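Subject: Structure handover and notes

Dear colleague,

I am passing on the structure below, together with notes on what was found in it. Please read the notes with the structure open beside them.

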Amino acid sequence: SDYHLLEGKKETTILFIGRSFFRKGGDIVVEAFKILKDKYSSNLKLIIVGQKYWPLNGEIPDGVELIGEAPWEIIRNLYMMADLYCMPSRFEPLGTVFVEALSFGVPCIGRKLCGMPEIINPGINGYLLDNEDPEELAELMVKVLEDNDMKLRVKKLSKNHRSYYSWNRVAYDMVKIMKYNKI
C-alpha cells in the first residue's frame, strides 16, 4: 500500500498507555511504528506510558519515548497532544483508555475483541485490528493519521463521549431499567 508523507506538520504523536505491555499489544505497536517511520514519515513520535524499562530486546527505536508511571496531569496533557491512541490489546474487558482518548478528541485503534468494538466504530472514530500483523496495523495508523474528517468528527464528538460514559448516565440507565422491570 502507498504511504504518503505528511508535509510541514508538527511531529505526529501516537500514544500507547499500559502497564501490561504485551497483553495490550505494545509489541505490535512498536513494530508497526518502525514500519511507519521507515515507509511513511520520519516526523513521528510514539509515546509509551506505564513502562519504566524497555520491555523488548535491543535498543529503544528512534522516535520512541518511554514514560514510566505518570500522574493524571501528564496523561491528560499527552491525550491533548496525541494524534492517535493505539492499543491493539489481546484482552481488554472494556478499555477505559479508549473512552478517555475519545473524550479528549483522539481517534483510536484497538482490537476486534472483547469490549473494544463497543467503543471503536471503524472508519468513524478509529479502526479495529483483527490480527497480530504490524504491517496491517501500520496501514490502519496511516488511515487514521491522514483522515482529517475523522479527526474533526472525533473532536466534535468528544463532549458526547464524556457525557455518555459518565457515572450520571450509568446511574440514570440503571434507574430506568429498575423502574421498567419493577426491581
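Helices (H or I, at least four residues) and strands (E, at least two) are DSSP runs, numbered from the N terminus. This is a predicted model, in which local features need pLDDT of at least 70 and side-chain atom pairs count only at pLDDT 80 or more, while totals for chains, interfaces and linings use all residues. Residues are numbered from 1 along each chain as its sequence is written, and side-chain values use heavy atoms, with hydrogens and water left out.

The protein has seven helices and six strands, arranged along the sequence as β-α-β-β-α-β-α-β-α-β-α-α-α. Of its 183 residues, 46% are buried, where buried means under 20% relative accessible area, exposed over 50%, and partly exposed in between (1.4 Å probe, protein chains only).

Most residues other than glycine have a negative phi. Cys114 counts as partly exposed, because its relative accessibility is 39%.

The search of the whole structure found ten salt bridges, a salt bridge being a side-chain nitrogen of Lys or Arg within 4 Å of a carboxyl oxygen of Asp or Glu. One of them joins Glu92 to Lys24, with the closest N and O atoms 3.0 Å apart. This pair links distant parts of the chain, 68 residues apart, since Glu92 is in the loop between β4 (84–86) and α3 (96–103) and Lys24 in the loop between β1 (12–17) and α1 (26–39). Glu92 is buried, at 8% relative accessibility, and Lys24 is buried as well, at 10%.

Another salt bridge is formed by Arg90 and Asp27, whose closest N and O atoms are 2.9 Å apart. Here Arg90 lies in the loop between β4 and α3 and Asp27 in helix α1, 63 residues apart. Arg90 is partly exposed at 28% relative accessibility, whereas Asp27 is buried at 19%. Both residues also belong to a network of salt bridges that links Asp27, Arg90, Arg111 and Glu132.

A further salt bridge brings together the side chains of Glu135 and Lys39 (3.5 Å, N to O). Glu135 lies in helix α5 and Lys39 in helix α1, so the pair ties together parts that are 96 residues apart in sequence. Glu135 is partly exposed, at 32% relative accessibility, as is Lys39, at 40%.

Best regards
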